Amino acid sequence: DMKQGQILFDEAVEFVEKFDGSAGGRAKGALSPNGVELCSTDQLRNTVEVAKELGIPVAIHAAYNVMEFYDILREHLLTPIELLEKLGMLQLGPMVNIGHGNLVAEHPRLAYSGGRDIELMGHYGCSVSHCSVNLVRRARYLDHWKKYKEAGINLCLGTDTTPRDMMMQMRTASYFGKVLAKDLSAAPASDVFEAATLGGARSL
């Protein structure tokens, strides 16, 4: 519903303009288009323009669903992450937070050759909200913690599921980070604690 989508977008921008910087600067606005496959390319471009104009962060789901990955690939001949780059969203760098960002072109679950999504997100210094428990409950995983960190991605930990238990998220992220990297030194407690605290703070 493009018309209703535009109405909601305009309301969101109006809300941000009204409240951003209020309460002595403690209230901060953000734009959160739901998902790369759930918004028009025009709306995503508009999101980038408004984010730049108002200096506010953007949070979006991308590279989180097998159907999303292949639907975007079929429609645009680009991966979801490559599409975000084409639309200028990745270029927001630390101001953009990608929800999940796990089913990227390099992921072994996806039959895709020559992908460089992790490299792209790292190049621009984007954040990825890693919700480890949410993924493993669905037999999915981020492949893998060490790759993302070494690429320069700001890893954050989210919950995205009940219970909102950050300790469980940290444990799960650390355990799976080690197993998938086949490296007991990967995803150490210090890294996952940083992602649960400073990583999210940096993104915000």
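Reply: What covers the buried residues of α2 includes α1 and β1, in a model that is predicted. Helices here are DSSP runs of H or I of at least four residues, strands are runs of E of at least two, and both are numbered from the N terminus. Residues are numbered from 1 along each chain as its sequence is written, and side-chain values use heavy atoms, without hydrogens or water. Local features need pLDDT of at least 70 and side-chain atom pairs 80 or more, while totals for chains, interfaces and linings use all residues.

The residues of α2 that are buried (under 20% relative accessible area, with over 50% exposed and partly exposed in between; 1.4 Å probe, protein chains only) are Gln43, Leu44, Thr47, Val48, Val50 and Ala51. An α-helix has 3.6 residues a turn, so residues three or four places apart point the same way. From its first C-alpha to its last, α2 reaches 20 Å over 14 residues, close to the expected 20 Å (1.5 Å times one less than the number of residues). Just after α2 comes Gly55, with a positive phi of about 65°.

The largest pocket holds about 400 Å³ of space. It is lined by 19 residues, with Gly5, Leu8, Phe9, Cys39 and Gln43 closest to its centre. Two elements, α1 (2-19) and α2 (41-54), each give two or more residues to that lining. The largest share, seven residues, comes from α1. On a 1 Å grid over the protein atoms alone, a pocket is an open set of points with protein on both sides within 12 Å along at least five of seven lines, a cavity is a set where a 1.4 Å probe fits but cannot get out, and lining residues have an atom within 4 Å of a point. Points are joined across faces, edges and corners, and the volume is that filled by probe spheres set on them.

The largest nonpolar core has 44 residues, and Val36, Ile81, Met89, Ile98, Met121, Trp145 and Tyr148 touch the most other members. Its largest contribution, four residues, is from α2. Such a core is a set of buried Ala, Val, Leu, Ile, Met, Phe, Trp, Tyr and Cys residues joined through side-chain atoms within 4.5 Å. Contact means heavy atoms within 4.5 Å. Leaving out residues up to four places away in sequence, Val36 touches Leu44, Ile60, His61, Ala62, Glu68, Ile72, Pro80, Leu83 and Leu84. There is also a second, separate core of five residues, Leu73, Leu103, Ala105 and Leu110 among them.

Beyond neighbours within four places in sequence, Thr79 is in contact with Phe69, Ile72, Leu73, Ala105, Tyr112 and Asp117.

The second largest pocket has about 250 Å³ of space. Of its 16 lining residues, Pro57, Ala59, Asn97, Ser203 and Leu204 are closest to the centre. The elements giving two or more residues to its lining are β1 (58-62), β4 (154-157) and α9 (189-203). Gly200 lies in α9 and is partly exposed, because its relative accessibility is 22%. Apart from neighbours within four places in sequence, the contacts of Gly200 are Cys156 and Ala195.

One cavity of 30 Å³ or more turns up in a search of the whole structure, and the largest cavity has about 80 Å³ of space. Its lining includes His130, Ser132, Trp145 and Phe176. Both α6 (132-137) and α8 (166-181) supply at least two lining residues, with α8 giving the most, five. In α8 the buried residues are Gln169, Met170, Thr172, Ala173, Ser174, Gly177, Leu180 and Ala181. Among them, Thr172, Ala173, Gly177 and Leu180 line the cavity. The buried residues of α8 pack against β3 (127-130), α6, α7 (145-151), β4 and α9.
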